Structure formats: structure tokens, C-alpha cells
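I opened my notebook to write down what I looked up, one topic at a time. The entries below follow the order in which I went.

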Amino acid sequence: SVASALGINPYFVDEYFLAARNYPIQKVTSIISFLRDADVKSKGVGANQSQEDILKELLFKILH
């Protein structure tokens, strides 16, 4: 019933539960926010950084 509610193959339900345990919604929303900030910076808004520095900062924020 969980698989039909999510619209996925029943084989993948365990993987969805594992992902939900490992990636709480607060962490996912903060990572999406980091991605948005990096996107804006890469377009030259609010930062004078190289693409490499923006990527390094993004990876640091996501991993820590």
C-alpha cells in the first residue's frame, strides 16, 4: 500500500525509507537553500568569487 501511495515499484520502498532516515527534511531543505545561493552567486549576484570557490563553498556547506 505504501508503494501505491508513493506511485513507485514495491521493490524500492525499503530504499525510500532508508533515504528518509538518512536525510531528514531539515537537512534537505538547507541543502536546497545552499544550492540556490550557489546558483545566484554563479550568476554574479552578491559575490565576486570564481566558479571554483563557489563550488568549494557549496560542497563544504553540504558536507558540514
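These notes cover the surface patch, the aromatic rings and the salt bridges.

**Before starting.** I am working with a predicted model, in which local features need pLDDT of at least 70 and side-chain atom pairs count only at pLDDT 80 or more, while totals for chains, interfaces and linings use all residues. I number residues from 1 along each chain as its sequence is written, and the side-chain values use heavy atoms, with hydrogens and water left out.

**Entry 1, the nonpolar patch.** I looked up which residues make the nonpolar surface patch, and found Val2, Leu6, Tyr11, Phe12, Tyr16 and Phe17, with an area of about 640 Å². Patch residues have over 30% relative accessible area and no salt bridge, with like charges joined within 9 Å and nonpolar side chains (Val, Leu, Ile, Met, Phe, Trp, Tyr) within 5 Å; accessible areas come from the Shrake-Rupley method with a 1.4 Å probe, and for residues only the protein chains shown count as cover. I noted that helix 1 (2-6) and helix 2 (13-22) each supply at least two residues of this patch, where helices are DSSP runs of H or I with at least four residues, numbered from the N terminus. Tyr16 has its place in helix 2 and is partly exposed at 46% relative accessibility, a class that lies between buried (under 20%) and exposed (over 50%).

Searching the whole structure, I found one aromatic pair. Tyr11 and Phe12 form this pair edge-to-face, 5.2 Å centre to centre and with 85° between the planes; ring centres must lie within 6.5 Å, and planes under 30 degrees apart count as stacked, over 60 as edge-to-face and the rest as tilted. Tyr11 is exposed at 63%, whereas Phe12 is partly exposed at 35%.

How many salt bridges does a search of the whole structure find? I found four, each being a side-chain nitrogen of Lys or Arg within 4 Å of a carboxyl oxygen of Asp or Glu.

- Lys41 bridges to Glu57, with the closest N and O atoms 2.9 Å apart. Lys41 lies in helix 3 (residues 25-42) and Glu57 in helix 4 (residues 51-63), so this pair ties together parts that are 16 residues apart in sequence.
- Lys41, Glu57 and Lys61 are linked in a network of salt bridges, and Glu57 is partly exposed at 23%.
- Lys56 and Glu52 meet at 3.1 Å, N to O; both lie in helix 4, four residues apart, about one turn of the helix.
- Lys43 bridges to Asp39 at 3.1 Å between the closest N and O atoms; Lys43 is exposed at 60%, while Asp39 is partly exposed at 36%.

Definitions and conventions:
Buried means under 20% relative accessible area, exposed over 50%, partly exposed in between (1.4 Å probe, protein chains only). Rings of Phe, Tyr and Trp (its six-membered ring) pair if their centres lie within 6.5 Å; planes under 30 degrees apart count as stacked, over 60 as edge-to-face and the rest as tilted.
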